[in-house]
Each structure stands twice: as C-alpha cells, then as structure tokens.
Amino acid sequence: MMVQANKHYDYVIIGGGMVGDAAAKAIHENDPNGSILIIGADPEPSVTRPALSKKLWTDPDFGFEKVWLHTTPASGAELATGDPATAIDPEAHMVATASGRSVGYNKLLLATGGEPRRLELPDDERVIYFRTVSDYRRLRELAGEERHLLVVGGGFIGTELACALALNDTRVTLAHPGELLNEAFFPPELAGELTRAFADRGVKLSAGTSIRSGRIEGGQLVISDDKGTTFNVDGVVVGLGISPSTELAEIAGLDVEDGIVVDANLMTSAPNVFAAGDVANYPDRLLGRRRVEHVDNANEMGARAGANMAGEPQPYTHTPYFYSVLFGTRYEAVGTLDSSLVMVQDWTEDRGRGVVYYLDDGGWVCGVLLWNVAEQTEAARQVIADSQRQTLSRDQLHGRIPLRE
C-alpha cells in the first residue's frame, strides 16, 4: 500500500521493522481508537530480523512464514511499504514521502534503523550487504551446492553468516581484520577457541584482512584485499555493522550525535517526535548514554516509545541484552564487551560454560558475557547495578552468576 496523500493520523511511525511493530502494538493497547500509520522503506512487511541470520539457516522446522510480524492485524495500523519518508516538518507535523505524498500526525516516531556499511565492490546482485528479507532470499539463492562465498567481517553478524552458510553446503571464506574472531570483544583464550571452532567446521579464515576492491572476471567475482590477495568467489556477503539513518532528523534540525539524541522518555529535541531502536542515542539507567543495535532493545524500546506516545510518559529503564548462536553454542551479553578492559572470568572445569565480567577504569562492572549460561541476563543486570554501589572483588564475582545448565 502507498501512503494516502493529505491524510492525518494520530500516530505516524517511520520505519517498518521490529521497533515500529512493537510501538504500534503498544499504541493500540493504550489508545485502541487512535489511528496509526507505519511508513516502511522496504517493500516487505515487518519481520523478525534475527531469524534472517539464525533460525532460518539452522532450524529445519522454522518455516519462513514464522518471520512475519503481522503488525496490521495486531495493532490496527495501516502499513505503507516501498514509499520511504523523505522529509519531516516538526512544526507543521507533516511527513513527506518519495512518491510526493504527505501526511499529518499528532505524534511521530522515528524508527529508521540504519544502513549497512559498504565497500568499494561491484554493483552486482551477488554482492550482498546483509540486512533485509530480500538480502536473505538472494543469499539463499547463492548458497549451497558447494559454491564458494566470501563473508566480510568477523564481528557479530559476520560470524553468524559464516556459520549459517557453512551449515548449508557452502564453501566459506571469512575475511576479518583481526587475528582472532571477535577478539575486540572476547578474552584472547575464548576468541582463540571460537576461531578454532570455525576452522574445524571447514571455514577458511583470512585473518588481518581488509577488503579493498573487486571486479567481475569470467563470470566470477574477483575480490582483492589490502595485501594484494585475491578471492575468486561466487558471491560476497558483507556484515560490517550499520550506520544509523539520521538524515531525516538532521534535515529537520533535531539533535543528532551517533544517532538521534533522545531523553529518558525517548523524546527527541522536537516536541511530539520520538525515536527508538538502532537509531536512538538514549541514556541507559545503568550504563549511561549509548546506542544499541540488538533485537531486545528494538522490542523493549519500541514498546516503551509507543506507550509513551499514547499515554503517560515513563522513562525507558530497560538495559538490553544481545545474543548469538554459533555452531550450537549460544552466548548472551549485557552491557559493554571490550577486550581491552580488565576481565574477570569464571568457567566450568571443561570451559563449556562461563561468565566474563568486564570492568571499567573505576573497577565497576560495565559488561557481562554469558557463554552457554542460560536465563541469567537479569542476574547480569543486577551485578552491574550492584557494582555501582560498591566495588566487587574478583572473589565476589566468582560464582555470583551460577554456571548451571
């Protein structure tokens, strides 16, 4: 559906992802009669984005129909896809779209997310900057049958994609800038174990690599790195994170600094304009101002923004967690993972399960990694909160979060 010109809504949400979905449902719950429009740039409806790099590749019982979020029947919202917003006017309470249409609003939510970071590679359908349903479909077409794909990026999304492809009959080369996978986040021993796990699964690792350019030669993609090494591959998938989509906010004069700046109630510097999700720079109650790009934050912040738009405003007090699953190993984390910090580690004897505590310069716990330790994210938040009241020693941290199965 295209945006209907000159129509006025109680609530307009720019962004058709998980944040917009959660916000629309919260608005409807608090204001059942309020009119809601969701404007999505992607032609596809809202999806559970983590499934695109996890369950759809690893769980044969997880059908594609399960990724759709069904925003409209759950919230009564109108969903306009494939007609992205191009401008907002906070004074006139108007939103313009690419089709030349404009709509009015009483309350506006910016849930614009981010755009994948790009490289100087050929404009070819076999080069995928992984983010959307269409990206997943294209990668599925390229994968399998022992084709050779290059994954660029050794962080969270890059390792997930390499794992997914390796489990689906695909020869994988993973090019990453460090010596070990996730070495910027994990203790060296754990990063080494993870790196060996990928190698044992047949993933060819190209460490210390920065991809610089590419060309098409004889029907294949020929990709070059900064050391002059070339990779002849059937496809490339890039997972180097995102840059927050702040253009609408910047043009409208909203405060922007590593995302759209919001207060504790998720309000921007313009009245009646809120922001949430990947694009929002917000004050976390435990960890200070930050921007978080993970699904738990999308769901929780989206719901809080929607409720605030439709009712009495309350501060967003949830400190989100994030997770990944790699070759059957699941890890979860709360806060800052930075391997340059002091780390206190607590492991089972076989190193099958463990907790890593990250300490800032003041000795406070600012991050917790849970390695195969389930249902302890709330305990991790509590450790962070406790450490701000009193410094916790290594002995006090060991055993503080149980390592049970």
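Reader: Which residues of helix 5 are buried?
Author: This is a predicted model, and in it the buried residues of helix 5 are Gly 158, Thr 159, Glu 160, Leu 161, Ala 162, Cys 163, Ala 164 and Leu 165. Eight of the 11 residues of helix 5 are buried, so the helix is largely enclosed by the rest of the structure.

Reader: Let's turn to pockets; how much space lies in the second largest pocket?
Author: The second largest pocket holds about 310 Å³ of space. It is lined by 18 residues, and the closest to its centre are Lys 54, Lys 55, Thr 58, Tyr 323 and Val 325.

Reader: Which elements give two or more residues to that lining?
Author: They are helix 2 (55-58), helix 5 (156-166) and strand 21 (321-326). Helix 5 supplies the largest share of the lining, three residues.

Reader: What is the make-up of that lining by class?
Author: Sorted by class, the lining of the second largest pocket has 10 nonpolar, four polar and four charged residues.

Reader: Switching to the inside, which residues touch the most other members of the largest nonpolar core?
Author: The largest nonpolar core has 64 residues, and within it Phe 186, Phe 198, Tyr 357 and Leu 369 touch the most other members. Strand 25, residues 365-371, gives the most to this core, namely six residues. As general background, nonpolar side chains in soluble globular proteins tend to be buried together.

Reader: What does Phe 198 touch, not counting residues up to four places away in sequence?
Author: Phe 198 touches Thr 159, Ala 162, Cys 163, Leu 174, Leu 181, Val 203, Leu 205, Leu 326 and Phe 327.

Reader: Where does Arg 131 lie, and what does its side chain make a polar contact with?
Author: Arg 131 lies in the loop between strand 8 (127-129) and helix 4 (133-142), and its side chain makes a polar contact with the side chain of Asp 278 at 2.9 Å. With a relative accessible area of 16%, Arg 131 is buried. Setting aside neighbours within four places in sequence, Arg 131 is in contact with Arg 49, Leu 52, Gly 113, Gly 114, Pro 116, Ile 242 and Asp 278.

Reader: What about the backbone, say the phi of Leu 266?
Author: Leu 266 has a positive phi of about 70° although it is not a glycine. Leu 266 is placed in the loop between strand 17 (260-261) and strand 18 (273-275), and its relative accessible area is 0%, so it is buried. Arg 351 likewise is not a glycine and has a positive phi, of about 60°; this residue is in the loop between strand 23 (342-347) and strand 24 (354-359), and it counts as partly exposed at 26% relative accessibility.

Reader: And Glu 375, is that buried or exposed?
Author: Glu 375 is exposed, with a relative accessible area of 76%, and its place is in the loop between strand 25 and helix 9 (377-389). The C-alpha atoms of Glu 375 and Gly 363 are separated by 25 Å, while the two residues are 12 residues apart along the chain.

Reader: Last one: which residues is His 8 in contact with?
Author: Leaving aside its neighbours within four places in sequence, His 8 is in contact with Ser 35, Gly 104, Tyr 105 and Asn 106, and the side chains of His 8 and Asn 106 make a polar contact at 2.9 Å. His 8 lies in strand 1, residues 8-14, and is partly exposed, with a relative accessible area of 47%.

Definitions and conventions
Residues numbered from 1 in each chain as written. Predicted model: local features only at pLDDT ≥ 70, side-chain atom pairs only at ≥ 80, totals over all residues. Heavy atoms only, no water. 1 Å grid on protein atoms, 1.4 Å probe; cavity = no way out; pocket = protein on both sides within 12 Å on 5 of 7 lines; lining within 4 Å. Points joined across faces, edges and corners; volume = space filled by probe spheres on them. Helix = DSSP H or I, 4+ residues; strand = E, 2+ residues; numbered from the N terminus. Nonpolar A, V, L, I, M, F, W, Y, C, P; charged D, E, K, R; others polar. Core = buried A, V, L, I, M, F, W, Y, C linked by side-chain atoms within 4.5 Å. Buried < 20%, exposed > 50% of the residue type's maximum accessible area, 1.4 Å probe, protein only. Contact = heavy atoms within 4.5 Å. Polar contact = N/O pair within 3.5 Å; in protein donor to acceptor, adjacent residues only side chain to side chain.
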